[in-house]
Amino acid sequence: FNYMNAFREISTVNLFSIFDYSTQIEKGFILFNKILSLISLHHQIFFIVSAVIIMWSVMSLIYRNVNMVWLSVLIYISAFGDFMWALSFARQALAVAIILLSYDYIKKRKLFPFLILLMLAALFHKTALCFLIAYPLYRIRFNFINITLAIFICGIVFLNLNYILEV
């Protein structure tokens, strides 16, 4: 997927017919690109704004939930190359960035804001809906039986993933 070409193509679509635009790309991502193209027609705006959103989301999650912030930031940026991944797979990374913001609502047991953020993330990449399972799983204690059950369920989901994502 070429984000530069997608940005250029989406920038030519009329704002009022944006949701009639025929593509397999999620509508939230198309709207995001269109809004950015109204600010600037240069495709770099997409990468700059995406990077800011992704980094802000990750850093805010780290800052609120980790004791050794400096180490977490160092690991995020260097050890796993996650930031470079984020710019290579921007649609997925933007969905993950939105999902990371929902983590606090899982901890506070606030279902409605969690679902709103999850649906927003799904507008960028529909696989974000897989994170729906995080809400009920948050309070489950992990032991041998629960881990075995989770592996079994993941296996069933994996075998039926194409069907699940078509829904």
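The exercises below, each with a worked solution, concern a predicted model.

**Exercise 1. Overall description**

State how many helices and strands the protein has, and give its span along the principal axes.

Solution. Begin with the secondary structure: the protein has 10 helices and 0 strands. Read along the sequence, the pattern is therefore α-α-α-α-α-α-α-α-α-α. Next take the extent of the C-alpha trace, which spans about 55 × 40 × 30 Å along the principal axes of the protein. Then turn to burial: of the 167 residues, 33% are buried. Finally, consider the contacts with a separation of 6 or more, 56% of which join residues 24 or more positions apart.

**Exercise 2. Helix 1 against helix 2**

Decide whether helix 1 and helix 2 are roughly parallel or roughly perpendicular.

Solution. Two packed helices are described by the angle between their axes and the distance between the axes. For helix 1 and helix 2 the angle is about 75° and the axes are 9 Å apart. An angle of 65 to 115 degrees counts as roughly perpendicular, so helix 1 is roughly perpendicular to helix 2. The residues that meet are Tyr-3, Phe-7, Ile-10 and Ser-11 from helix 1, and Phe-29, Ile-30, Asn-33, Lys-34, Leu-36 and Ser-37 from helix 2. Sorted by class, this contact has 6 nonpolar, 3 polar and 1 charged residues.

**Exercise 3. Helix 2 against helix 3**

Give the angle, axis distance and handedness for the packing of helix 2 and helix 3, and list the residues that meet.

Solution. Helix 2 covers residues 27-39 and helix 3 covers residues 44-65. Their packing angle is about 120°, and the axes lie 10 Å apart. The crossing of helix 2 and helix 3 is right-handed. On the helix 2 side the residues are Phe-29, Phe-32, Asn-33, Leu-36 and Ile-39, and these meet Ile-45, Phe-46, Val-49, Ser-50 and Ile-53 in helix 3. The class count for this contact is 8 nonpolar, 2 polar and no charged residues.

**Exercise 4. Helix 3 against helix 6**

Find how the axes of helix 3 and helix 6 are arranged, and count the contact residues by class.

Solution. The axes of helix 3 and helix 6 cross at roughly 30° and come within 9 Å. Angles under 35 degrees count as roughly parallel, and helix 3 and helix 6 are therefore roughly parallel to each other. Their crossing is left-handed. Helix 3 contributes residues including Phe-46, Ile-53, Trp-56, Leu-61 and Arg-64, while those of helix 6 include Ala-90, Leu-94, Leu-101, Tyr-103 and Asp-104. By class, the contact of helix 3 with helix 6 has 14 nonpolar, 4 polar and 3 charged residues.

**Exercise 5. The largest nonpolar core**

Identify the residues with the most contacts inside the largest nonpolar core, and the element that gives the largest share.

Solution. The core has 36 residues, and Phe-29, Phe-46 and Phe-124 have the most contacts inside it. Two or more residues come from each of helix 1 (3-11), helix 2, helix 3, helix 6 (90-107), helix 7 (111-122) and helix 8 (134-137). Helix 6 gives the largest share, 9 residues.

Now look at two of the residues named. Phe-29 is in helix 2 and, at 0% relative accessibility, counts as buried. With neighbours within four places in sequence left aside, Phe-46 is in contact with Tyr-3, Phe-7, Phe-29, Phe-32, Asn-33, Leu-36 and Ala-90.

Note on methods
Residues numbered from 1 in each chain as written. Predicted model: local features only at pLDDT ≥ 70, side-chain atom pairs only at ≥ 80, totals over all residues. Heavy atoms only, no water. Axes fitted to C-alpha atoms, helices over the stretch in contact; angles between N-to-C directions. Helix = DSSP H or I, 4+ residues; strand = E, 2+ residues; numbered from the N terminus. Left-handed = near helix turned anticlockwise from the far one by under 90°. Contact = heavy atoms within 4.5 Å. Nonpolar A, V, L, I, M, F, W, Y, C, P; charged D, E, K, R; others polar. Core = buried A, V, L, I, M, F, W, Y, C linked by side-chain atoms within 4.5 Å. Buried < 20%, exposed > 50% of the residue type's maximum accessible area, 1.4 Å probe, protein only. Parallel < 35°, antiparallel > 145°, perpendicular 65-115°, else oblique.
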